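Dear colleague,

I am handing over the structure below, and I would be glad if you kept it open while you read the notes that follow it.

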Amino acid sequence: MYKYIKRVGDFLLALLALLCLFWIMALIAVLIKVESKGPVIFKQKRIGKNKKEFYIYKFRTMRIDAPKDMPTHLLTNPESFITKVGGFLRKTSLDELPQIFNILKGDMSIVGPRPALWNQYDLIELRDKNGANALVPGLTGWAQINGRDELEIEQKAELDGEYAEKISFLFDLKCFFMTFVCVLKKDGYAEGMSESINKKEKERSL
């Protein structure tokens, strides 16, 4: 029952957010266009509910020659691709604002597991085992406020599974408000591959 109520709440809150934040989004679009060549909106193929593919929307924060299908925290030199405006948008999470349209379309929810890239096969497989792939992905989520970019794949999948088990209005409310705290404190924010993740990725490639 809550899942149906959740969808209605997502739509209404996303519509309200669009009305309130439209002028900020318009200003960001102008700044992006002035600083660098390329589209204002960056589209990327992601995995949604029941592993259905969709395109996620973000404000473009990188040059057009940046790798398109690799998580930024796995790049060894992300600073060489990120624009000045993009750096600010990423640190404040304002680059995620266009996902309001994903929420309105029903591809995403406000709270849920962050949508995996189409080629993050290990994360998708782990989510199959814990039921997280059956959920609508979110703008923010339990894993986002418990480590974000610093989490390894196994940890992220474990937190996604925990969310799938505990999903409720109060749990979503907790995730929603904790997101603002994490953004202000920049908890879990990282650009580039950390030593622990770098070591893990190298082991996977052997």
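**What was found**

Leucine 19 is exposed, because its relative accessible area is 65%, and a residue counts as exposed when that value is over 50%. This residue lies in helix H1, which covers residues 2-35, and together with Val8, Phe11, Leu12 and Leu15 it makes a nonpolar surface patch of about 480 Å². Please bear in mind throughout that this is a predicted model.

Turning to the chain as a whole, the protein has seven helices and four strands, and their order along the sequence follows the pattern α-β-β-α-α-β-α-β-α-α-α. Of its 206 residues, 44% count as buried, while the chain exposes about 11,600 Å², of which carbon and sulfur atoms supply 64%. If you look at the contacts with a separation of 6 or more, residues 24 or more positions apart account for 71% of them.

Two residues deserve a look for their backbone angles. Most residues other than glycine have a negative phi. Lysine 51, however, has a positive phi of about 65° although it is not a glycine, and it is found in the loop between strand E1 (41-47) and strand E2 (53-59). Serine 93 also has a positive phi of about 65° without being a glycine, and its place is the loop between helix H2 (84-92) and helix H3 (99-105).

The structure holds eight salt bridges, and I describe some of them here. Lysine 51 forms a salt bridge with aspartate 128, with the closest N and O atoms 2.9 Å apart. This pair links distant parts of the chain, since lysine 51 sits in the loop between E1 and E2 and aspartate 128 in helix H4 (residues 121-130), 77 residues apart. Aspartate 128 counts as partly exposed, at 39% relative accessibility.

Another salt bridge joins the side chains of lysine 45 and glutamate 53 (3.8 Å, N to O); lysine 45 counts as partly exposed at 27% relative accessibility, and glutamate 53 counts as partly exposed at 46%.

The side chains of glutamate 96 and arginine 114 also meet in a salt bridge (3.3 Å, N to O). Glutamate 96 lies in the loop between H2 and H3 and arginine 114 in the loop between strand E3 (109-111) and H4, so the pair ties together parts that are 18 residues apart in sequence. Glutamate 96 is buried, with a relative accessible area of 13%, and arginine 114 counts as buried at 11%. Lys58, Glu96 and Arg114 are linked in a network of salt bridges.

What is the place of aspartate 160, and is it buried or exposed? Aspartate 160 is in helix H5 (residues 153-166), and it is buried, with a relative accessible area of 3%. Leaving aside residues up to four places away in sequence, aspartate 160 touches Pro113, Leu123, Arg127, Ala132 and Ala143.

Finally, there is one cavity of 30 Å³ or more, and about 50 Å³ of space lies in the largest cavity. Among the residues that line the largest cavity are Ile47, Gly48, Pro113, Arg114, Arg127, Ala132 and Asn133.

With best wishes

Note on methods. Residues numbered from 1 in each chain as written. Predicted model: local features only at pLDDT ≥ 70, side-chain atom pairs only at ≥ 80, totals over all residues. Heavy atoms only, no water. Helix = DSSP H or I, 4+ residues; strand = E, 2+ residues; numbered from the N terminus. Buried < 20%, exposed > 50% of the residue type's maximum accessible area, 1.4 Å probe, protein only. Contact = heavy atoms within 4.5 Å. Areas by Shrake-Rupley, 256 points an atom, 1.4 Å probe, with all protein chains shown as cover. Patch = residues over 30% accessible without salt bridge, like charges linked within 9 Å, V, L, I, M, F, W, Y side chains within 5 Å. Salt bridge = Lys/Arg side-chain N within 4 Å of Asp/Glu carboxyl O. 1 Å grid on protein atoms, 1.4 Å probe; cavity = no way out; pocket = protein on both sides within 12 Å on 5 of 7 lines; lining within 4 Å. Points joined across faces, edges and corners; volume = space filled by probe spheres on them.
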